[in-house]
Amino acid sequence: MGRATDPGPVDAVRRALNVLAEGRGYTDATNASIATATGRTPNAKRKSTQVGYALRTLREAGEIRVEYDPAASSRRIHLQQG
């Protein structure tokens, strides 16, 4: 039997990404800044892990696209429209 999934973190991250994108359609936010924007208060390690799982879920659902820049050790998260 599989684990029950909690849609809460995914919804919270989706809302946080929309706020952080500020209408541009993308954000360069780190997992920590996304976690802070969700307003959730578990310990820092768990919060960052929840954000990572939520980002993966949103990416697999086609709601976001992530571009990595290894030279700058950064990423840009693009919000997919409609």
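Buried residues have under 20% relative accessible area, exposed ones over 50%, and partly exposed ones fall in between (1.4 Å probe, protein chains only). The structure is a predicted model, in which local features need pLDDT of at least 70, side-chain atom pairs count only at pLDDT 80 or more, and totals for chains, interfaces and linings use all residues. Residues are numbered from 1 along each chain as its sequence is written, and side-chain values use heavy atoms, with hydrogens and water left out.

The pLDDT is the predictor's confidence in each residue, from 0 to 100. Its mean over the protein is 83, and 80% of the residues reach 70 or more. Among the elements, strand β1 (residues 26-27) has the highest mean, 94. Helix α3 (residues 44-60) has the lowest, 83.

The protein contains 3 helices and 3 strands. Helices (H or I, at least four residues) and strands (E, at least two) are DSSP runs, numbered from the N terminus. Along the sequence they follow the pattern α-β-α-α-β-β. Of the 82 residues, 33% count as buried.

Helix α2 (residues 31-38) has a buried side. Its buried residues are Asn-31, Ile-34, Ala-35 and Thr-38. They lie on the same side of α2 because they cover an arc of only 100° around the axis. The arc is that of the directions from the helix axis to the C-beta atoms. The face turned away from this buried side carries the exposed residues Ala-32 and Thr-36. Gly-39 follows α2 and has a positive phi, near 80°.

The 3 strands form an open sheet in the order β1-β3-β2, with antiparallel pairing. Strands β1 and β2 are the edge strands, each pairing on one side only. Two strands pair if DSSP finds at least two bridges between them. Strand β1 is joined to β3 (residues 74-79) by 2 bridges. Thr-27 has Ile-77 in β3 as its bridge partner.

Glu-63 lies in the loop between α3 and β2 (64-69). The residue is partly exposed, with a relative accessible area of 31%. Not counting residues up to four places away in sequence, Glu-63 touches Arg-14, Leu-58, His-78, Leu-79 and Gln-80. Such contacts have heavy atoms within 4.5 Å. Glu-63 and Leu-79 are 16 residues apart in sequence, but 6.3 Å apart in space, C-alpha to C-alpha. The side chains of Glu-63 and Arg-14 make a polar contact (2.7 Å). A polar contact is a pair of N or O atoms within 3.5 Å; within protein, one must be able to donate a hydrogen and the other to accept it, and residues adjacent in sequence count only if both atoms are side-chain atoms.
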